[in-house]
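Good morning, and thank you for joining.

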Amino acid sequence: MGGAHKRGNRKGRRHLPAVLAVLAVLMVTAACAVNPVTHQSQLSLMSEQQEIATGQKLYPLYTQMSYGLFQDPDLQAYVKRIGQRLAAVSHRPQVPYDFNVVNSSDLNAYALPGGKISITRGLVAKMQNEAQLAAVLGHEIGHVAALHPTSSYTRQVLGGLFTSVGSLVLQTAGVPGGDLISQAGLLATNLTLMKYSRDQEREADELGMEYMVRAGYNPAGFVQSMAILMDERDREPSQLESFFSSHPLTTERVAAANRRLERYGTQLRTPQALRRETFRRKTAYLRQVEPAYELMDQAKEALGNKRTGEALHLLRQATSRAPREALLWVYRAVAEDLEDHEGQALSAARKAVRLYPDLYHARYVAGVITFKAEAHRESLEHLQAADRLVPDQPSVTFYQGRNWEAMGQRDRAARAYYAVLKKVQKGPMAQYCYRRLVQWGYIRR
Ligand SMILES: [Zn+2]
């Protein structure tokens with residue numbers, strides 16, 4: 001009991017400086033800003049410059065965490081155009097907004113500080129027209145315009161973000177040799193960023209619909225997008241978990257949106273202003289590959305329940321239906337590896353990297369599989385790329401060390417193992433590093 005108590009104290013002390021540093025940052029930067037929507041002054045946790053810098057830093061990381069970009073440049077450009085059109089008529093047009101479609105199957109959309117906004121492939125796949133897409137982007141722009149991501153309500157979440165960037169982004173307990181799938185956030189990543197209040201949600205809904213109308217969309221698209229989310233919540237609650245935890249959607253919100261709709265005249269309430277045709281054309285490829293991603297999602301579930309044979313079967317089908325999708329090859333490589341098909345695992349991992357060299361998950365999985373195949377130079381190349389995409393992940397550093405160890409470069413391996421131990425103190429990966437460092441005389445037992 002005494003031991004546990006002491007450990008608790010030590011841990012508390014170790015975390016104290018970090019906590020103080022964060023508080024200091026928050027205190028220095030907390031200032032009054034004039035809310036561009038209400039024109040009232042409110043407490044803001046950072047200057048606009050800091051807000052933009054934070055968003056710029058987090059955007060690429062969160063894009064990776066959401067399984068990278070959906071690889072359709074034409075669709076990406078289309079979504080950016082719609083987003084910019086809405087941002088231009090918002091209360092904060094001067095923010096350097098950006099918009100992308102990330103490859104997560106979850107139904108989600110999120111805004112980072114500084115106007116960096118992402119929507120998932122899963123959500124776009126459920127939509128039928130451009131007005132629905134504009135509604136979701138408009139809602140997120142509404143949060144940015146009304147300074148919600150930097151308001152005091154989100155203080156704790158943002159404080160956490162500052163400390164966790166780059167260190168806990170894809171937290172894993174990494175297991176040497178085994179269980180590739182539970183590493184690198186391959187099974188699930190929790191993307192809850194912001195937790196907005198009911199009032200903030202209501203305000204974002206109001207602004208979102210207003211921006212849609214200003215940009216010439218049929219505001220009925222707003223209510224339609226809410227209906228899609230409500231329907232899916234009943235059918236597939238797990239894929240909406242992160243969405244609802246940051247944007248709680250209630251029947252009240254839907255009713256309020258319906259009432260708001262009545263305020264707008266009939267001029268825009270036309271089928272043309274829903275812009276269905278362009279949307280269908282621009283999302284044709286996405287809808288074509290979506291069934292393959294549904295197979296991937298089933299395979300992920302099977303992998304989570306250790307039914308690897310079934311998962312492999314599904315992933316082989318998925319990759320043959322949509323052979324250009326890197327993420328499908330990533331999972332196929334993992335399943336082939338679990339079934340001990342070394343050659344197949346290698347070629348699937350290399351294919352994933354060829355299709356999307358800047359996808360963290362592809363680089364990480366390729367790094368591990370080529371390490372196992374003793375292709376150490378190639379493995380180090382993949383792991384270095386993974387480290388560039390999402391810095392300082394302990395499991396990446398660990399496999400870099402394993403390669404150097406296998407190549408007889410003990411000093412470099414020891415440095416890597418030491419870096420791993422600074423981040424992870426428990427589990428097989430930490431044990432491996434510790435054992436080696438003791439064995440080689442770098443640390444005394
Ligand atoms: Zn929201």
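Predicted model: local features only at pLDDT ≥ 70, side-chain atom pairs only at ≥ 80, totals over all residues.

Let us start with strand β4. Ala109 and Ala111 point to one side of this strand, while Tyr110 and Leu112 point to the other, and all of them are buried. As a general rule, side chains in a regular strand alternate between the two faces of the sheet.

What does β4 pair with? Strand β5, residues 116-120, pairs with β4 in the antiparallel sense over four bridges. Within this pairing, leucine 112 stands opposite lysine 116 of β5. The two strands, β4 and β5, form a hairpin with three residues between them. In that turn, glycine 114 has a positive phi of about 80°.

The chain has 20 helices and five strands. It has 445 residues, of which 55% count as buried. If we take the contacts between residues at least 6 apart in sequence, 68% of them join residues at least 24 apart.

Is glutamate 290 buried or exposed? Its relative accessible area is 12%, under the 20% limit, so glutamate 290 counts as buried. Leaving out residues up to four places away in sequence, glutamate 290 touches Arg121 and Ala125.

Leucine 328 is found in helix α14, residues 326-338. Because its relative accessibility is 0%, leucine 328 counts as buried. Which residues are in contact with leucine 328, once neighbours within four places in sequence are set aside? They are Ala292, Tyr293, Met296, Leu315, Ala318, Thr319 and Ala322. As for distance, the C-alpha atoms of leucine 328 and leucine 295 are separated by 9.3 Å, and these two residues are 33 residues apart along the chain.

Threonine 308 has its place in helix α13, residues 308-321. With a relative accessibility of 17%, threonine 308 falls under the 20% limit and therefore counts as buried. The side chain of threonine 308 makes a polar contact, at 2.7 Å, with the side chain of glutamate 339. Apart from residues up to four places away in sequence, threonine 308 touches Leu303, Leu338 and Glu339.

Two loop residues deserve a comment on backbone geometry. Tyrosine 67 sits in the loop between α2 (48-65) and α3 (73-88). Its phi is near 70°, a positive value in a residue other than glycine. Tyrosine 67 counts as buried because its relative accessibility is 6%.

Glutamate 374 is located in the loop between α16 (360-372) and α17 (376-389). Here phi is near 60°, again a positive value in a residue other than glycine. Is glutamate 374 buried or exposed? Its relative accessible area is 62%, over the 50% limit, so glutamate 374 is exposed.

How many cavities of 30 Å³ or more does the model hold? The count comes to two. The largest cavity contains about 100 Å³ of space. It is lined by 13 residues, and the closest to its centre are Val136, His139, Leu229, Phe243 and Arg253. The elements that give two or more residues to this lining are α5 (130-145) and α8 (220-235).

To close, I return to the starting point. Thank you for your attention.

How values were computed:
Residues numbered from 1 in each chain as written. Heavy atoms only, no water. Buried < 20%, exposed > 50% of the residue type's maximum accessible area, 1.4 Å probe, protein only. Polar contact = N/O pair within 3.5 Å; in protein donor to acceptor, adjacent residues only side chain to side chain. Contact = heavy atoms within 4.5 Å. Pairing = 2+ DSSP bridges. 1 Å grid on protein atoms, 1.4 Å probe; cavity = no way out; pocket = protein on both sides within 12 Å on 5 of 7 lines; lining within 4 Å. Points joined across faces, edges and corners; volume = space filled by probe spheres on them.
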